[in-house]
Each structure stands twice: as C-alpha cells, then as structure tokens.
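Dear colleague,

I am passing on the structure that we discussed, and my notes on it follow below. Please read them with the model open beside you.

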Amino acid sequence: MDRRRFLKTTTAALTAAGVGAAPWRRALAQAGPIKIGLLAPLTGVVASGGKEMVEGVQFYLDQVKNEMGGRKVELVIEDDASNPDTALQKARRLVEQGNCHMLIGNLLANTGLAVANYVKGTATPYFIPIIAADDLTQRQRIKNVIRVAGYSASAFTHPLGDWALKQGYKKIATVSQDYTFGHEQCGGLAQVFTEGGGEVVQQFWHPLNTADFSPYLGQLADLKVDAIFTMETGADATRFIQQYSAFGLKAKTPLLAAMNGTDQSVIRTLGEECEGIISPAHFAEGSDNPVTQKFVRDYEAKYGKIPSLYGFSMYSGMMWIDAALKKMGGKVEDREAFIDTVLKTELDGSPLGKSVKLDAYGNPIYDVYIRKVVKRADGKFWNVPTTSYPSVSQFWKYDPESYMKQPPYSRTFQGIKKA
Amino acid sequence: MMTARAKSTSARFAGMTGGAALIAAIVVAAAAALPSVLSNYQVGLATEVLIFGILAMSIDILGGFAGRTSLGHGAIFGVSTYVVVYATAQAGLPPAAAFALGVLAATLIAAIFALLAVRTSGVYFLLLTLALGMIVWGICLRWTQVTGGENGIRGDVRPALLVTHSAFYWAVLAGAAMVAYAMWRFVRSPFGLTLRGIRDSESRMRSLGYNVPLHLFIGFTVSGFFAGVAGALYAMFNNFVSPSTVALAQSVEGVLMMIAGGVGTLFGAFVGAAAIIALENVVSAYTERWQTVLGITFILIMIFAPEGIIGKLRAIPTRKVR
Amino acid sequence: MSTFQLLNGLTFAALLFVVASGFTLIFGLLRIVNLAHGALYLFGGYIGYFVATRTGSFVLGGVGAMAAVAAVGFVLDQGLLRFVRGNELRQVLLTLGVAFVLNDLALVIWGGDSFTVPIPQMLRGGLRVFGVFYPTYRLFVLVTGIVLFAALWLLLNNTRLGALIRAGVDDAEMVEASGVNIRRVFLVTFLLGSALAGLGGLMGGAFLSLYPSADAEILVFSLAVVIIGGRGSLVGVGVGSLLVGLLNTLGQVMFPELAYFVIFGPMAVLLAFRPLGLFGRAT
C-alpha cells in the first residue's frame, strides 16, 4: 500500500516539475550554444577514416574559435562503430537525449541510410559530407538530409568513363566491394564507358573486409583488358593495392581506382605500390591551387599528416553550415528556414579554391579532377590533377528526370549498354 | 493452464502463490508508471531492456534449465526481425501478419538448429550454435536481393497506434509480461522439470527412459519461439534491420545479459538486460572505451559472480525454498 | 581449379595452420577454447610490425612477436584463467571478455589504420612456379607451414614434453597421478600456443595486413579448422587447415554468394554428426 502511494505522489511531483520547467527552458535556448551531433566510426573496420572526420571538424572549429553564426558551438561526438544498428542508436541518443540541433557525419553508406531513415521522422537537419549513397539526393530524397561538401557515388566515375574512352581503352574489368557505394561507382563508370563503345569484360564483387584478394587477382590476371577499375575503401584498399602489385599485375595493366582507394588515409601507409594509380575526385591534395595548398600545409602542420578526403570533406561541410548560419544570424532553431538557407548557400573559400553550390536536389556541383598518385619531394605520395572536367552534375550529361527513371545502380543494374 | 498438483495449503493464482502474484503485480505496475518519470529517450531504453530481457530469458530456458548455453540465439532473434521488416516494407503486409511470420520464421530456424545441436553439449554445443549463427549471418550479409546485404532493410514497421514512445513501451510491457509468464510456466511444468533433470544428469535421464534428444529439441524450439517474439518487437522498435542484428555480437550480448542477471533465474534476464544497457549508456557518455568495459565486466562476472546478480542475491542467507 | 588458385588456397591454409596449431594445443590439452586467440594473433602482428620496422629485421620481428604474445598468454593463464579452472563454460566466456579488452586496447595503442609488416628484401617479388608468376613471400609462408608441421610432429612424438602433452590430451588426471607436474606442462603448452598465434600475426600481417577486425576473422577460421580437424590432433589441424583454406578460396571464386556457408556448412554438419571432428579423440 505504502509503496503504491509513494509512487503516485513522486510521479505527480516529478511530472509537475517537468511541465513547469519547459517554457522557461525554451526561452533560454535562443541564446544558448548550437549543439551539433557528430556521428563517426571511431571503432570498427573504418575507424581510421572516422578519426579523420573528427579531426576535420575540430580543425574547422579551432579556426573559427568554436563560434558559428555568432553563437558558441557545442560538439557532441558519438561513435557509430562502423555499424548501422549502433549508428541508429547513437542518432537517437543525440536527438532525443542530447537535444542536438543538427546531426552531421557517418562514413559508411549503410550507417548513413539508417540515420537518414530515422531523421526522416524527426525532421532533424542531417548533413552528410561523406555518405555518398546516390539516392539520398535523387529518387529517395529526404528534404532534411543535405549533402554539404559531399558527393554522390556515381558523380565522379561518370567522367572517369569518359576519360577512359579518351585514353583509347576498349575493354575494362571492375573489382569492387559488394555494397551500394561500390555498385554505384562501378555503375557510373560502366554506363558512360559502354555507351561510348567500350566493353566491361567482367565484374567482381567481394564482401567488405576481404583479407585475401588472391582468388580475384588470379582471375583478373587471365583477362585481356586495357585497364582495371577498383572500388575499395579502408583496409580493403590497402590490401588490394599491395596484392595487385605483389602479384605482378601492376606492371601489366593500368589501375584506375575510386578516390577512396587513393585517399591519403590509404596511401599514407603504402610505398611504391600506389604510384601511378588514376582516380577521379573533386579534391586533389597535390593541386597547385593556392587555397588548397594553404589548407594542406596548415592541416599537415597541425596533425602531422596530409589531409584525406574525410578530413577535407568534414571541414568544408562545417564551413558550409557556418556560411548558412551567418546568413541567418544563428537562428538554428527555425529548421525550415535553416534547411532552405543551406540549400541556397554558395560556398566560397573552401579548400577547393573555387566556389561550390548545390543543385536543385541538394547535391553539390564540382569540377572533377582526374588525378594521378605521384611521389612528392619528401618521399610521400599524393594525388596530383592531370585533367579536369568542369561543373559536373550528379546526373552527368543526362537529363535528371529521365536519368531517375532508370533504376538505381545495383549489382544487377550497372547501366551497361549492350553492344 | 496446467498446474503441478501442489500439496501446499496456500491458494494459488494462475500457478503462483499469493505472495508471488502480488510482487508480480507491483513490478508490472511500477514498470507501467515509468514513462511518467522518464524522458522519451529513457523510455526507449526501457523498451530495449524489455525486448532484450525476453531474448535473454529465452536463452536461459536452454542455458539455465537444460544446461546448454547457445551462442546462436542472436541469429534466431535477428531472423525474426528480418522477416518482420521485409514483410512490412517489401511485401506490404499488416503489422500483425508480419509479426506472426517473424515469430514463425524464428521458430523454424530454431528447429533446424536444434536438429543439428541436440546431440552435443557443453563447449561443443556452444561452438555449434556459434557456427550456425554465423551461417545465418553470412546469408543475411550476402543474399542482397532479399536482405539488402550491408544496407539492411528500412521500413515503417511500427503500427500507427504505437508510434509514440510511451504507447509502444506499454505494448511491449504487456507483451513482455505475457511472454515472461508463459516461459515461467513452461520451465515449471513437468516438461521443464525433465529439462532440469537432463541438465543435472543426462545419463540418468536416459537410463530412466526419457527421450533426451526429443526433449532438447522441443526445448530449443520453444526457446527459439520466444527469441522470435523479441526479434519481432525489435523490428517494430527500430524500423530497421541490418546484418549486425543477426551477428555473433548479438548472441554474445544476450548470453551476457542472461549471466549478469543469473543463469537459471529466468527473471534475472531483465535485471541483466537493465544492468548492461544502463552500463552502456552511462559509460558511452564518458568514454569510447565501452568495449573494454564490457570485456572487463564479462571477466569479473566469470571470476567473481558467475551466478549473476539475482544468483548473488539469492545466496544471501535467507533460506528460501525454491 | 587452376594452379594459381590452388596455390592461393594452400598458402592461406599454411597461415591458418600456424595459428590453429596453437589453438588446438590449448584446446586439446587444457580443454580451453581460447576465444582470445585471434586477439593474440593481432597483438603479435602489431608488436612484430613495430619490432621489424624499428630493427629492420623480419626475424627479430618474429622473435619479438612470439615473446610478447607468450607473455600476454602467461598473464592470461596465470592471472585470469586460474580462477575458473575446471569450468569449461566460464573459461570460454572469460576468454571472450579478454578478447574484447585486447581488441579495444589494440585500437587505442595502434589506432585504426592498417599496417603491413614489411617483407624482407629477399622474399619480395615473385617466382615462376608451375607455370604461374607467384609472390615469393606467399611461397615462404607455405614452406613455413610445412616446416612447422614437421617441427611440431617431432616435438610431440620425439620429446618427453611431447609425450606428456599427448598423454595429457588423452587423460590429464592420469598424467598428474603418475607424479608429473601437470601444471607446468599446461603452462608451457599455453605459452607455446600463444606464441604460435603471435607468429601467425607477424606472418599474416605481411600479406593480409593488420587492422581492427583481423582478430575476429582469424579466430572464426581457427575455430572452423580445429572443429573440423578435431581436438588435440596435429594431423587434424593440418587436414583441417587444408580443407578450410582450399574451401575458402574455392568459395570466393566459384560461389561468392555463399562465402561463409562453404566453410561453416561442413563444419556445422560435422559437429552435428561427429562432434569430435575428423581426427579428434574423446575426452
């Protein structure tokens, strides 16, 4: 009896306290800090990329002395463990318990998709500089999920397909991690390449975390192709590049890679195996653009390493959000207005050295460099642009509406045009 | 409802003594009152405690009462989740039908596991269920057409009525209470007693004429049924499923919750689930080293308290006749 | 199966043998399923990597890896496992806890980047064998696996320690009853088993690289090898390694959809009908 009455009274008291406190708390919020929830894989298979994401964000916050849009910034970092279930759990924690005004981050596409599905219901602004799943800015567009400073997977491999044709390549093969990011990058290449008359002889798909590529390399060695395209991220990229060289294929067949394969986070620990690999990207740390050079120098001075895609993208993403916040006087609570402002903001002064804006679908339009891995004077390797394709849309040269009528790239649909 | 022919003179209410029924009612009432004192996020956590408590309880049926610890129940749990999300998102089935299908799938998988596992015990049972769980995980990871592979499947699984945190929590609470009661009745039934006999001395049971493999098979399948219920609830909680839901880590966490609460205590599973989930939330707020804390917890429990929290409490000298 | 793929399967099998032989020594004699064995592999790899890069010697890297991991094994056995002797389940779950801790510790110490152990100069490049161009280092791994098998065979059959181990695998109590300090034999075996994991880490680290989830991956393979081959049998580990190594390569080439099933399917079926494995002995 006593226990029940006790429970009833305490329950009532606490509820009253909660209800009473609410309006008072809201009034204070306007002037309070902007809470940004950063989700990154700090453990698990892409832990090294995740760490650099955090560095990129902190590098920016250090430069602006932790103030964005005129208010202090409170950064809450959560580990998504390279795992979608954990990402979902942490996103929930950041939004429901941490009361974050916005979320930013995630690396692996599957973690991003899980979080995107969640924020669809809560209308929290979610920025994805790294998540490249095509459909988030195409067929399955969610209004509050914005790809600031990011890219969609097939956006860079479309021009690579064109470049490959211009090199005179007639036959290629692809090796890729078997998930959406891999499917989309290969699909982009395959579609443009085959529409231009080329042939994709064979495609190999392997699970993430393949330690031993020898079975695939054995088959690749037997194919007669002009070039091989590989889509690998993280440790898979390191191993593939090493084994490609160890098995003598590097001497025989030129290697084209997705930018993740020649990213600093991978080639930093490699030697000559990575020299000469071609990859398409919006960012080239070896570019002689003065703004890029300054960014790379400052980053290297602070963290002792050349910035990777992860560091650069998060940095630019934060820059973009800040530009929007400045326009709004920091009123991040007005979500609709915030999202609209971001979509309309053009980013100036990013490490790319030229201004970038978002297309009608919330995806940035970049100049794409075809880069080559080159050894610089001090012996370290980095990516240097050889040619560039200006203002590349995520839809390449296709009309957006008809492009979106074709199915999204997957294992079964690679956009290959039958000869 | 089958009740054991009790010679005791106290009145029995649905198989429980008056005292036990009162405690059960108080616990459920207190649990139902929680949403009024907890934030939305915490209500979500409490819901997870209930769901994983059911999973841990199902593992306890085998681990505590038949003496066989399984490292494959995470896979059984996750299969139910996959089927429920798939049925809703891809096949457009209503929630109740999807739920039923999920539980059915889990029960089926458990039966298959059981067919292979009943002849083993101890460490070999552990390893076999681990291997079977890995096969399920491998299939979910690679059968991209159906399971979405690495990406998993997203869906709007939760019925519209239960969209709010509190509403869903109460629904899960009701489900958990029913399921816990059912499991409790199961282990106290003559069948459950046979399982305990098998745990204590398999050879003796065999010589007494009991069909040991058959009993284990049924016990495993029933335990899989309940794991499936937990999995289906999880599908509605998350609206999402991915290979990590069927991964070994899920099975390990379930076993840990069972052990933390107390092997063979059945209800200790909820205590264990609450302890682990609370620990995880508190620890992650201060450090990224949650995995280290989890590992150390495992080690300490194995060395100092293998009988779990409830087990330790029971050992406190109040001689209670079980 | 082409020569190339055959060699791929064999070299992987050789690495598995190095790691799994350590695992089965511990499982066979001490009856401990050491789920931290994979973490020992990873630690051995990382430590071996650092010794090898600092000293420039692959051999020193190997020595360093084995010694360091044996030390970790010592702490694990004497410091933790001693409290749960005799209870199989508690031992297994305790080692699982240790695996979690070691994995996280490795992340803290060495970060998430992948490292590749540098191959000694003379083992770089490739050779023409049986009509294919094959990396020399992988052939070295294959040879090492064979040499190790021979060495362990000699140890088990021609030395007193080996005789004690074999007797202990069959019946530890009898050995103790005949006046032998079985505890010391156990300890030596545990250290040897752990050292082999460490060696495996260094060797594997050169062609498969080292990264945060390498421990779980190699553990899963080792489990399959030991279960298929049978508890406490050297021939069993050899045969098991061959089967798993070849099946894995075959699976990747011919049935990429079923990659894990190709290994775990046979393992599950074997466990169900012949729990002792192909060459295992009853407890």
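**Chain B**

Chain B has a secondary structure of 14 helices and 4 strands, where helices (H or I, at least four residues) and strands (E, at least two) are DSSP runs numbered from the N terminus. Please keep in mind that this is a predicted model, in which local features need pLDDT of at least 70 and side-chain atom pairs count only at pLDDT 80 or more, while totals for chains, interfaces and linings use all residues. Residues are numbered from 1 along each chain as its sequence is written, and chains are lettered from A and ligands numbered from 1 in the order in which they are written.

The mean pLDDT of chain B (the predictor's confidence in each residue, from 0 to 100) is 87, and 94% of the residues of this chain reach 70 or more. Within chain B, confidence is lowest in strand β1 (residues 12–13), with a mean of 66, and highest in helix α3 (residues 73–89), at 95. Taken along the principal axes, the C-alpha atoms of chain B fill a box of roughly 55 × 45 × 40 Å.

**Contacts with chain C**

The contact between chains B and C takes 30 residues from chain B and 32 residues from chain C, with two residues counted as in contact if their C-beta atoms, placed from the backbone, lie within 7 Å. On the chain B side, α4 (95–117), α5 (122–142) and α13 (290–304) each supply at least two residues, and the largest share, 13 residues, comes from α5(B). By class, this side has 20 nonpolar, 7 polar and 3 charged residues (Ala, Val, Leu, Ile, Met, Phe, Trp, Tyr, Cys and Pro count as nonpolar, Asp, Glu, Lys and Arg as charged, and the others, Gly among them, as polar).

The contact of chain A with chain C takes 24 residues from chain A and 26 residues from chain C. The elements of chain A that give two or more residues to it are α2 (47–63), β8 (199–206), α7 (214–222) and α8 (234–246), and α8(A) gives the most, with 5 residues. The chain A side divides into 9 nonpolar, 12 polar and 3 charged residues.

**Chain A**

Chain A contains 14 helices and 14 strands. Its radius of gyration is 23 Å, close to the 22 Å that the globule rule gives for 419 residues, so chain A is as compact as a globular protein of that length. The C-alpha trace of chain A spans about 80 × 50 × 40 Å along its principal axes.

Helix α3 (residues 84–97) and helix α4 (residues 109–122) of chain A pack at an angle of about 35 degrees, with their axes 8 Å apart; such axes are lines fitted to C-alpha atoms, for helices over the stretch in contact, and angles run from 0 to 180 degrees between N-to-C directions. Among the residues that meet here are A:L88 and A:V95 in α3(A) and A:V115 and A:Y118 in α4(A). By class, this contact has 8 nonpolar, 3 polar and 1 charged residues.

With best wishes

Conventions: Rg over C-alpha atoms; globule rule 2.2 N^0.38 Å.
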